[in-house]
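Have a look at the model before reading on.

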Amino acid sequence: YVVDTGTNPRAPKIFKIVEGDEVKAKAGLTALHSAHCLSNGHVMISAMGDADGNGKGGFLLLDGNEFNIIGNWEKEGEAQPFGYDFWYQPRHNVMFSSEWGSPNAFYHGFNPQHVAEGKYGRSLHVWDWKEHKVIQDIDLGEEGLIPLELRFLHNPDEAQGFVGVALSSNVFRFFKTKEGSWKAEKVIDVASKEVENWALPSMPGLITDILLSLDE
């Protein structure tokens, strides 16, 4: 949904609806999530599924005037098994994307067995910002199950940031090494609590969002 807040800020109204069927037909994507404005005026939106609801980490592009579908941001064949959030740092020619899971799994509610079956993600993907292709995958392991919100530091010269991990309930720092590759390390753990009548005997913190203070 594109909402016009400029014509009359006191009475926002729908400017355009980009229908799901059109997104499927032109980009092969469903389950859209994060939207960011690009410097060229386009709007980029991450997706979590393909046209059939299987996991697919691709990106939809809209023009910034009429909000028509341009197509996919990623090059053909570069979509990842899962998608969720993304954040970019153009001065380092890099973008990071994270993973939730297959829409066909989470649409029906959380089932721990689906984690064991590989229907949820645990990796970060490093993209070449100019070439629109993946250059590195970072597997966060068993302590990095379902990494969601990504945040680079506010300083555009910084080559580091953080990601909140939902099911494992921790925060990882990702950073560029002296050799030019990227790594991630766990920096925060949130303890689980014993509960009843939930899918698991212990309830993780389920970190679904993180914010970085402006003073970093």
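## A glycine and some strands

Gly 121 is buried, with a relative accessible area of 2% (buried means under 20% relative accessible area, with a 1.4 Å probe and protein chains only). What you're looking at is a predicted model, where local features need pLDDT of at least 70, side-chain atom pairs count only at pLDDT 80 or more, and totals for chains, interfaces and linings use all residues. Residues are numbered from 1 along each chain as its sequence is written, and side-chain values use heavy atoms, leaving out hydrogens and water.

You'll find Gly 121 in the loop between α3 (112-116) and β9 (123-128); helices (H or I, at least four residues) and strands (E, at least two) are DSSP runs, numbered from the N terminus. Neighbours within four places in sequence aside, Gly 121 is in contact with residues including Phe 82, Trp 100 and Pro 147, contact being heavy atoms within 4.5 Å.

Pro 147 has Val 165 in β12 as its bridge partner. As for strand β11 (residues 147-152), six of its six residues are buried, so the strand is largely enclosed by the rest of the structure.

Elsewhere, four strands make an open antiparallel sheet in the order β7-β8-β9-β10. Its edge strands, β7 (86-89) and β10 (133-139), each pair on one side only. Two strands pair if DSSP finds at least two bridges between them. Here are two such pairs:

| Strands | Sense | Bridges |
|---|---|---|
| β11 and β12 (residues 160-165) | antiparallel | four bridges |
| β7 and β8 (residues 94-97) | antiparallel | four bridges |

Within β8, Val 94 stands opposite Gln 89.

Note on methods: Buried < 20%, exposed > 50% of the residue type's maximum accessible area, 1.4 Å probe, protein only.
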